[in-house]
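Trainee: Please take one part of this model and go through it closely. Then tie it to what surrounds it, in one connected account.

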Amino acid sequence: MAETKEEKKQRIYFLIFKFSTLFSVLILAFVLLYVFLNGFGVISFKFLTSMWSHQNITEGGIFPAILGTLLLGIGVSIVSIPVGIATAIYLNEYSKNNFFTRMIKLSIRNLAGVPSIVYGLFGLAFFVSFLKFGTSLLAASLTLGCMTLPWVITASEESLKAVPNSFKEASLALGATKWQTIEKVVIPNSLSGMLTGSILGVSRAMGETAPIIMVGATFFISYMPTSIFDKFMALPYHLFILATQHSSPFAREYALGTALVLIVLIFGLNFGMFIIRYRIRKKKDW
Amino acid sequence: MEIENRIKSEFLSEKRVDGENIENSMLETKIKINNLNFWYGKKQILFCINLDIYSNKITALIGPSGCGKSTLLRCLNRMNDIIPGIVLRGQIIYNEINLYGQENNVVDIRKKIGMVFQKPNPFPMSIFDNVAYGLRVQGIKDKKKIEEIVRESLDKADLLEEVKDRLNASAFSLSGGQQQRLCIARALAINPDVILLDEPCSALDPIATAKIERLLVKLKKERTIIIVTHNMHQAKRISDYTCYMLNGKLIERSSTQELFTNPKKESTRDYINGEFG
Amino acid sequence: MIKENFKEKSIELSLRAISLSALLILIGIFFFLFVTGIKAFSEISFSDFFLGTDWNPISYNEPKWGILSLMVGTLMVTFGALMIAIPLGIMAAVYLSEIASPRIRELVKPTIEMIAGIPSVVLGLIGLLFLSPLIANIFGLSSGLNALTSSLIVGIMVLPTIISVSEDVLTSLPKEFREASLALGATKWQTIKMTLIPAALSGIVASVMLGLGRAVGETMAVLMVAGNSRAFPVSFFEPVRPMTSNIAIEIKEVVQGSLHYQALFAIGLVLFMMTFVVNFISDIIINKQTKKYRW
C-alpha cells in the first residue's frame with residue numbers, strides 16, 4: 001500500500017523526534033566518556049588516598065575531599081531523611097485538604113525551586129552567622145539538608161502512595177488504629193522505597209557546590225576534619241577551584257580526575273539504589 | 001424433654017413460617033438502624049433508612065448498582081469515617097449503644113463488627129501472620145494462644161486443611177477463592193459478633209463462590225451476617241432476610257422467601273423479574 | 001481506651017509539627033534574605049540598583065550598584081537555554097510517550113533522568129574544557145566563554161526536567177483520546193498534533209516553567225563558562241555575568257555586614273522572588289491542567 005502524504009509527513013517527523021531523544025541520551029554518554037577518558041590518567045591509589053599537597057599537586061591526593069563529601073552526605077542524611085519521611089507520612093496519611101496542608105505543599109514545591117546559591121546565602125546568614133555555627137561541616141550539612149528536604153519528602157510520598165488502599169482498609173476493619181496501620185502495614189511496605197529515594201536526593205546534594213562555597217567548604221586544609229565545627233574539603237568545590245583558579249599546569253587534568261571520582265561516587269550511589277529498588281520490587285507480590 | 005426440643009427446633013429451624021409475626025417473636029434484634037440519612041459532600045446517598053438486623057441470621061442487601069447498599073454496609077462498621085466530607089444523621093444501635101454516639105471508640109466497634117471486602121485483600125505477609133494480625137494489634141503476645149486462635153479461625157473458615165502445611169507461605173500464593181477465605185479467617189480471628197461482607201464472591205469463580213456460601217451458612221449459627229450482593233440467586237440461596245434498595249431508599253424488607261415469591265412493592269417485583277439491572 | 005487515644009493524638013500532633021519545617025524553612029529563607037538585603041537600600045537607591053547598568057562594588061572612584069547587566073545576563077542565558085531545551089525536550093517527550101516501544105522507554109527514561117544527576121560543576125567543567133574552545137573555533141571568536149556556551153550548558157541541564165514532566169503528562173492522558181482519534185482515520189502524528197498535545201499543553205507549559213526556574217537559578221555551570229565580564233552584553237557571543245554567578249564569585253571576598261555583603265543578599269532576594277513567581281505561575285497552570293481533564 002503506498003504511503004499517503006500524511007503518513008510520509010509522520011515518518012519524517014517521527015524520525016526527527018527519534019533523533020532528539022537519541023541526542024539527549026548521547027549527551028549523557030558523552031559527558032561520562034569525556035570525564036572518564038580524560039580524568040582516568042590521574043587516578044591512582046596515591047591520588048585517592050593521600051592528603052592534598054598544596055605546593056606540588058602531583059605529589060598529593062584528594063582523600064580529604066572524598067572524606068569531606070562523604071561526611072557531608074552523612075550529615076545531610078541525618079538532617080533531611082527523618083524530617084522528610086515524617087513529613088511525608090503526615091501529608092499522605094493524616095492530612096486533610098485544608099489551608100494548613102496546602103501551605104505545606106506549596107512550601108515544599110517552592111523550596112524545590114529555590115536556587116542553590118540562595119540556599120547558600122540563607123545558610124550563611126542563619127547557620128553560620130545567626131546561630132554562630134561558623135563556616136563548618138555542621139552549617140553545610142544543615143544548609144544542604146534544607147535543600148534536600150523537598151526531594152526526600154517527594155520521594156517518600158511516592159513510596160507511601162504506592163501502598164494499596166486495600167491493605168489499609170483491611171487493617172482498619174480489623175480494629176487497628178490509624179497509627180497501628182501505618183506502623184504495621186504502611187511503613188514496612190514503603191520504607192525501602194522511601195530510603196532509596198531519599199538517598200538519591202542526598203547524592204544530588206553531595207554534588208552541589210554553590211551552597212557550600214560560603215558555609216564551610218575550603219580548598220585546602222592541612223588537617224582532617226575532626227569535629228562538626230571544622231571546615232572541610234569537598235569534591236565539587238575542589239574540582240571547581242582546580243578548574244578555574246589554580247595556576248599549576250596539571251590543574252585541569254587533576255580537575256578531571258576529581259570530576260571522575262565525584263561522578264563515580266554519585267552514579268555509583270544512584271545505580272546502587274536502582275538495583276536495590278529493582279530487587280525489592282521484584283520480591284513484592286503486590 | 002423430647003417434646004420441648006421438638007417445639008424449639010420447629011421455631012428455630014430453617015423452615016419458613018408464614019408471615020413474619022411468629023418468627024419475629026423469637027428473634028433478637030442485633031442492629032437497629034433508625035432514620036439513617038447519609039451524605040457524601042452535598043450529595044445525599046441514603047434516605048431515611050429504617051431497618052432491624054436480626055441475630056444469627058443472614059441478611060442480604062440487594063439492589064441495582066449505585067443504590068447505596070455498600071454505603072449502608074460501611075456505615076455499620078464506620079468504615080465510611082475514613083472518607084472526608086461525609087455527613088451522617090440518624091442512629092445505628094448495636095447492643096443498646098449508638099455506634100455514632102460521641103463517646104464511642106471506632107476501633108472497638110470494628111473489633112466487634114468485622115468486614116470482608118469485595119476483592120480479597122490479604123496483607124503481603126504469610127498466611128499465619130495475616131490471620132494473627134488482628135490479635136497482635138490488640139496487644140496479644142502469647143505465642144501459643146495466637147497459634148491456637150489462628151488454626152481455629154482457619155478451620156472455621158474451611159481453609160485449614162488446605163493450608164495447614166504451609167502457614168508460613170505468602171498469602172499471595174493462594175488462589176482467589178482461598179484468599180477470600182483467608183480474609184474471612186482473618187476477620188474471624190478477632191471473634192466479631194457481626195460480620196459484614198461486601199459482594200464477597202463477585203471476584204470469584206462459581207466453585208469458590210459455592211464454598212464461601214456454605215461457609216456463611218455455617219457461620220451464622222454463632223454470628224450475625226450481613227451481605228451485600230449483586231446476585232439475586234445468591235441472596236435466595238443463603239439469606240434469611242433480604243432488603244431491596246433503590247436510589248438510596250429501602251424499598252422493601254422481608255424474609256427471603258416472602259420477598260422473592262410475593263414482593264409487595266412494584267419496584268421490587270420489577271427488579272426481581274429483571275426489568276432493570 | 002483513653003490511653004490509646006492519647007497516644008494516637010500525640011503521634012499525629014508530632015508529625016504535624018515536624019511537617020511545619022518545610023514552611024518554616026521557606027519563611028526563614030525569605031526572612032534572612034530580606035532582613036539582610038533590605039539594609040543595602042538604606043544606602044543604595046532603588047533606581048540605581050534596578051536600573052543601573054554598572055555593577056562595580058569595588059571600584060576606587062565610586063562604587064556602582066546597578067544589577068541591570070547582571071539581570072540581562074540571567075535572562076539571556078535562561079532564554080537561550082529554553083530555546084534549546086524546549087524543542088528538543090518536547091520532541092523527545094512525544095517520542096518516548098507515543099512512539100517508542102515500552103522497552104525503549106524503560107531504558108531511555110532513567111538515562112535521561114541521570115543527566116539531571118550530573119553535578120553542575122562537572123557540566124561546567126566540560127563546558128570549559130571542551131565546549132567553549134569548540135564554540136570559539138566554530139564562530140571564530142577569541143574566547144568561547146560567553147552567553148551562547150552558557151545557554152548550551154544550561155539547556156542541557158534543563159532538558160531532563162522538560163522531557164520528564166512532559167512525558168508524564170502525555171502518558172497520563174486517557175487512552176480513550178487516542179482510540180477515538182485513530183478510529184476516525186487519523187494517523188498517529190495527527191492524533192498527537194491535534195488531540196494529545198493540546199490536551200497536555202498546560203502540563204507541558206508547566207514543565208517549561210519548571211525548567212525556567214532551574215535555568216534562572218543555575219550557578220556553577222554558568223559561572224565556569226559565562227565569561228563573567230561586567231560589561232553590558234549586546235550579543236550572545238559576548239561574555240555575561242548572571243546574577244547567580246555574581247553572588248558566587250563575590251561572596252567569599254566580602255566583609256560580613258558590609259554594604260557589599262548586603263547588596264549581594266539583595267540580589268539573592270531578587271532571585272528568590274523571581275523563582276517564587278515562576279513557581280506560583282506554574283502551580284496555577286498545573287491546577288488548570290488537572291481540572292480541565294478530570295477523568
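Mentor: In this predicted model, eight residues of domain 1 of chain C are in contact with eight residues of domain 2 of chain C. The side of domain 1 that touches domain 2 holds five nonpolar, two polar and one charged residues. As for the bounds, domain 1 of chain C covers 2-40, and domain 2 covers 51-292. Their C-alpha centres are 31 Å apart.

Now look at what is packed there. The largest nonpolar core has 255 residues, and those touching the most other members are A:Leu239, A:Ala259, C:Val122 and C:Leu125. Within chain C, helix H3 (residues 68-99) contributes the most to this core, with 16 residues. Domain 1 (2-40) and domain 2 (51-292) of chain C both give residues to the core, so the core lies between them.

Cross over to chain B. Its secondary structure comes to twelve helices and ten strands. Of its 277 residues, 42% count as buried. Take the contacts in chain B between residues at least 6 apart in sequence: 68% of them join residues at least 24 apart.

Chain B has an open sheet of six strands. The order is E6-E7-E8-E3-E9-E10, and the pairing is mixed. Strand E6 (113-116) and strand E10 (249-255) are the edge strands, each pairing on one side only. From one strand to the next, the twist averages 20°.

E6(B) pairs with strand E7 (residues 194-198) of chain B in the parallel sense, over four bridges. In that pairing, B:Gly114 stands opposite B:Ile195 of E7(B). Helix H8 (residues 176-189) of chain B packs on the sheet and touches E6 and E7. The direction of this helix makes about 170° with that of E6(B).

Now go to E9, and look closely here. Strand E9 (residues 241-246) of chain B is mostly covered, with six of its six residues buried. In a regular strand, side chains alternate between the two faces of the sheet. Which residues of E9(B) sit on each side? One side has B:Tyr241, B:Cys243 and B:Met245. The other has B:Thr242, B:Tyr244 and B:Leu246. All of these are buried, so both faces of E9(B) are covered.

E9(B) has two pairings to follow. With strand E3 (residues 58-62) of chain B, the sense is parallel, over four bridges. There, B:Ala60 has B:Thr242 of E9(B) as its bridge partner. With E10(B), the sense is antiparallel, over six bridges. There, B:Cys243 has B:Arg253 of E10(B) as its bridge partner. The hairpin of E9(B) and E10(B) has two residues between the strands. In this hairpin, B:Asn247 takes a positive phi near 50°.

Chain B has an open sheet of four strands as well. Its order is E2-E1-E4-E5, and the pairing is antiparallel. Strand E2 (43-54) and strand E5 (97-98) of chain B stand at the edges with a single partner strand each, so one side of each is left without a neighbour in the sheet. E5(B) is joined to strand E4 (residues 86-94) of chain B by two bridges, and the two run antiparallel. Across that pairing, B:Ile93 stands opposite B:Asn98 in E5(B).

Note on methods. Residues numbered from 1 in each chain as written. Chains lettered and ligands numbered in written order. Predicted model: local features only at pLDDT ≥ 70, side-chain atom pairs only at ≥ 80, totals over all residues. Core = buried A, V, L, I, M, F, W, Y, C linked by C-beta atoms within 7 Å. Buried ≥ 20, exposed ≤ 12 C-beta atoms within 10 Å, placed from the backbone. Domains from an automatic or database assignment. Pairing = 2+ DSSP bridges. Axes fitted to C-alpha atoms, helices over the stretch in contact; angles between N-to-C directions. Contact = placed C-beta atoms within 7 Å. Nonpolar A, V, L, I, M, F, W, Y, C, P; charged D, E, K, R; others polar.
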